[in-house]
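Try each task before you read its solution.

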There are 2 protein chains.
Amino acid sequence: MSTRDKRAATREKLVEAATKRITDDGLASLRARDLAADVGCAVGSIYTIFKDLEALVLEVNSATFRDLGAHVTAAVKAQPADAYEAQLVAMGQAYAGFARLHPNRWSAVFNVEMSNAAAVPEWYNEQVKQLFMIIAVPLAALRRDLDEADVRLLTRGLFAGVHGIVLLSVEDRISAVPTDDVPRVIELLVGSAVHPPV
Amino acid sequence: MSTRDKRAATREKLVEAATKRITDDGLASLRARDLAADVGCAVGSIYTIFKDLEALVLEVNSATFRDLGAHVTAAVKAQPADAYEAQLVAMGQAYAGFARLHPNRWSAVFNVEMSNAAAVPEWYNEQVKQLFMIIAVPLAALRRDLDEADVRLLTRGLFAGVHGIVLLSVEDRISAVPTDDVPRVIELLVGSAVHPPV
């Protein structure tokens, strides 16, 4: 194997090992020395491939975004093509389901420390933007009373709103919606917010 | 001072010291030995007064609930008495303002570890319930299409929704609403959700 191939192979093994450790134990216990042991390289090698451990976590999160996108899109596709409200509700409920199924991968998306927002690579921001588009498209069709800027803001608002419901529930906070009621609460919140107020 | 008075005085000093430390440095760095040093008692004394450090944090959070309730209620009172929608929007925006003003006290409310949900004292749950009532009363007036159970669920949903918006913003997450847009996003989300869908 050429040096370049070896490096690519080590990179791939590191992403795999980090995915496994995050999935099993959560982001908080991710350590470079454990990853080095997992793939059989020196700790220093990690930092010749990735700027820091956060950059490696972004790779793991990228796959989580892909899986989350696929999970949510499948739920949308199960609804009739023009049933935008049902699609948005299904999307929120699928998001809740994904968080329950993959709590550690899901929370790594929100807990990766970005020491400097400017350091977030463009491809990562682009992936986040694509996920928001899944919400924005049907929302724009329903909320013709809003201009483009407000559709963008309500898209973020609906996402953050559903995220808040899911987060308090997954973390079992005192103020949380009981787990069994989460789908109905998402239906109530999303189902109301997608209608122009009269 | 009687033993009982001394104990009450130490208790009060511990709550004060914990409030100061949580306010300044956040819950995560709260240590029993620092509190003991702050009030000039033995570490063991803390545990003759409080079951554990979490029980002490609940006392700190209780004052945060009072202040949060007062802050939100003031924003509601600034609206006309029958302007329920404006009241609910103002409430959400006041919540966001409180979190920005008191980030560490606010996050202690959500980050106190409850090793056992059954161990949460009744008075604490009662205080949380009272805060939810501030939302539920105007919401019930606006959403006469919903039965009592759904009003209760949408109350939690609106709270968690606004909480999610505020949390992602305060923690400066990639998926967050930009800080300056938070009031408008809350207005869009809450303002839409309080109308019965047509």
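**Exercise 1: the fold of chain A**

Read along the sequence, the elements of chain A run α-α-α-α-α-α-α-α-α. Keep in mind that this is a predicted model.

Task: find how many helices and strands chain A has, and describe the box that its C-alpha atoms fill.

Solution. Begin with the elements: chain A holds nine helices and zero strands. Next, take the principal axes, along which the C-alpha atoms fill a box of roughly 65 × 35 × 30 Å. Then turn to burial: 47% of the 198 residues of chain A count as buried. Finally, look at contacts between residues at least 6 apart in sequence; in chain A, 66% of these join residues at least 24 apart.

**Exercise 2: surface and charge**

Task: work out what share of the accessible surface of chain A belongs to carbon and sulfur atoms, and how far apart the mean positions of its positive and negative charges are.

Solution. The accessible surface of chain A is about 9600 Å², and carbon and sulfur atoms account for 53% of that. For the charges, chain A has 21 positive and 25 negative ones. Their mean positions are 6 Å apart.

**Exercise 3: the nonpolar core**

Task: identify which residues touch the most other members of the largest nonpolar core.

**Exercise 4: two aromatic pairs**

Task: classify the ring pair of Tyr95(A) and Phe159(A), then that of Phe110(B) and Phe159(B).

Solution. The whole structure has 14 aromatic pairs over all chains. For Tyr95(A) and Phe159(A), the ring centres are 5.4 Å apart and the planes stand at 80°, so this pair is edge-to-face. Tyr95(A) sits in helix 5 and Phe159(A) in helix 8 of chain A, so the pair ties together parts 64 residues apart in sequence. Both Tyr95(A) and Phe159(A) are buried.

In chain B, the rings of Phe110(B) and Phe159(B) have centres 6.3 Å apart and planes at 20°, so they are stacked. This pair links helix 6 with helix 8 of chain B, across 49 residues. Phe110(B) is buried, at a relative accessible area of 10%, and Phe159(B) is buried as well, at 14%.

Methods:
Residues numbered from 1 in each chain as written. Chains lettered and ligands numbered in written order. Predicted model: local features only at pLDDT ≥ 70, side-chain atom pairs only at ≥ 80, totals over all residues. Heavy atoms only, no water. Helix = DSSP H or I, 4+ residues; strand = E, 2+ residues; numbered from the N terminus. Buried < 20%, exposed > 50% of the residue type's maximum accessible area, 1.4 Å probe, protein only. Contact = heavy atoms within 4.5 Å. Areas by Shrake-Rupley, 256 points an atom, 1.4 Å probe, with all protein chains shown as cover. Lys, Arg positive; Asp, Glu negative; His and termini not counted. Charge placed at Lys NZ, Arg CZ, Asp CG, Glu CD. Core = buried A, V, L, I, M, F, W, Y, C linked by side-chain atoms within 4.5 Å. Phe/Tyr/Trp six-rings, centres within 6.5 Å; stacked < 30°, edge-to-face > 60°.
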